[in-house]
Amino acid sequence: MNGTVTVIDKGAVRIHSYMAGDDSLNVTTQLIETPGRVIAVDAQYALAYADEVVAYAKGLGKPLDRLIITHAHPDHFHGAARFGAPVHALAAVRDQIAAQGDGQDPTGTVIPVADMTPTVEVLPGTEVIDGVPFVFEAHQGGEATDELVIKLPEQGVLVAQDLVYHATHLFLGNNDIPGWVKAVDELAAESSYDTVLPGHGLPAGPEVFDELRRYLADAGELLGSDGEAYKRAILARYPAWGGSLLIDIANQYLFGATDA
C-alpha cells in the first residue's frame with residue numbers, strides 16, 4: 001500500500017484514516033465504519049490513491065453508503081467516481097465544483113466534471129446513520145470559501161478535514177488567515193472531542209489546534225510579496241513537516257507564478 005492507514009476504535013464506530021503519500025499532498029480520506037456500513041469523507045487527488053482507498057474500503061466487508069465531499073478543492077474530489085456511491089456535499093460546495101469544469105489527474109487523464117459533481121445535498125444539522133448521530137456544520141472562510149465539518153459527538157470524533165492540517169504545510173491560497181484562525185478557535189472551544197481528523201496528515205488530538213495557531217501566526221508574519229522567500233522561511237521554521245508542494249500551489253494563487 002502506498003498510503004498510510006490509521007485505525008481508531010471507538011466501539012460502535014471504527015475510523016480508518018487513509019493518508020496519501022507526500023507526492024499527493026498527504027491528503028486524507030476518512031472511512032467511518034458503523035455497524036452495518038462505511039461512510040467515506042473526501043475522495044483524494046490522484047485516481048491511483050482513490051483506487052487504493054476504495055480497495056481498502058471494500059475489504060471491510062460492508063457496503064459503501066456514501067461519499068461526502070467537504071469542500072471544493074480538487075485534491076478532495078477528483079476521485080469521487082471511483083467510490084461507486086452517492087456523492088454528498090453542501091449546496092455551495094456542489095456548485096463550486098460544477099463551476100470548475102473538467103479536472104485532470106496528475107497522470108494527465110481528464111476527469112469529466114460530471115464524475116466529480118455531488119448529487120445529494122448535505123443540510124446542516126444532525127442525521128442518524130446506522131444508529132450513529134452525525135452532526136453536519138457549514139463553515140465559511142479559512143482554507144476554503146465553504147467547508148463542511150462533521151462531528152460524531154457520541155464517539156468524541158471531529159472530522160475537521162481542511163480546517164485542520166497535522167504536521168503538513170498549509171495551503172494558504174484562499175488568502176484568509178484571519179478566517180482560518182477564527183475557525184480553529186471555534187473548533188478548539190469544543191473540548192468534548194478527543195480525536196481530530198485532518199484533511200492533510202495523520203489523526204491528531206486537541207493539541208493540533210495550538211500547532212495550527214502557531215503556524216498561522218508564523219505564516220502571517222512571514223508572508224510578504226515574494227513567494228519564494230516565504231517558502232524558504234516557512235520551510236526553515238517547519239523543516240520536518242510534509243506537503244511542501246502545497247506551498248508551491250498556494251503561491252500560484254497568491255503571487256500569480258509557480259515558485260519551485
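Just after helix α7, Gly 256 takes a positive phi of about 80°.

**Ground rules**

This is a predicted model, where local features need pLDDT of at least 70, side-chain atom pairs count only at pLDDT 80 or more, and totals for chains, interfaces and linings use all residues. Residues are numbered from 1 along each chain as its sequence is written, and side-chain values use heavy atoms, with hydrogens and water left out.

**The whole protein**

The protein has seven helices and 14 strands. Both are DSSP runs numbered from the N terminus: helices are H or I with at least four residues, strands are E with at least two.

How does the overall size work out? A compact globule of 260 residues would have a radius of gyration near 18 Å, and the protein agrees with that at 17 Å. The radius is taken over C-alpha atoms, and the globule rule is 2.2 Å times the number of residues to the power 0.38. Along the principal axes, the C-alpha atoms fill a box of roughly 50 × 45 × 35 Å.

Buried residues make up 54% of the 260. Buried means under 20% relative accessible area, exposed means over 50%, and partly exposed is in between (1.4 Å probe, protein chains only). The accessible surface comes to about 10200 Å², and 51% of that belongs to carbon and sulfur atoms. These areas come from the Shrake-Rupley method with a 1.4 Å probe, and for residues only the protein chains shown count as cover.

Contact here means heavy atoms within 4.5 Å. Looking at contacts between residues at least 6 apart in sequence, 60% join residues at least 24 apart.

As for charge, the protein carries 15 positive and 36 negative charges, and their mean positions are 4 Å apart. Lys and Arg count as positive, Asp and Glu as negative, while His and the chain ends are not counted. Each charge is placed at NZ of Lys, CZ of Arg, CG of Asp or CD of Glu.

The expected span is 1.5 Å times one less than the number of residues. Its buried residues are Leu 47, Tyr 49, Ala 50, Glu 52, Val 53, Val 54 and Ala 57, and they pack against β2, β3 and β8 (110-111).

Leu 47 is buried at 9% relative accessibility. Not counting residues up to four places away, Leu 47 touches His 78, Gly 79, Arg 82, Asp 105 and Ile 111.

Tyr 49 is buried too, with a relative accessible area of 8%. Its C-alpha atom and that of Val 27, 22 residues apart along the chain, are separated by 9.6 Å. Beyond its neighbours within four places in sequence, the contacts of Tyr 49 include Asn 2, Tyr 18, Asp 23 and Gln 44.

Helix α5 (residues 208-222) has 15 residues, which should span 21 Å at 1.5 Å a residue, and its end C-alpha atoms are 21 Å apart, in agreement. Among its buried residues are Val 208, Phe 209, Tyr 215 and Asp 218. Their cover includes β13 (157-165), α4 (177-188), β14 (195-200) and α6 (227-237).

In helix α7 (residues 245-255), the buried residues are Leu 246, Ile 247, Asp 248, Ala 250 and Asn 251. They pack against β13, β14 and α6.

**Positive phi, and a histidine**

Most residues other than glycine have a negative phi. Here are two that go the other way.

| Residue | Phi | Relative accessibility |
|---|---|---|
| Leu 25 | about 70° | 5% |
| Gln 161 | near 45° | 0% |

Leu 25 lies in the loop between β2 (13-19) and β3 (28-33), whereas Gln 161 is found in strand β13.

Where is His 73? It is in the loop between β5 (64-68) and β6 (87-89). Is His 73 buried or exposed? His 73 is buried, with a relative accessible area of 16%. Setting aside residues up to four places away in sequence, His 73 touches Glu 143, Ala 144, Asp 162 and Phe 171.
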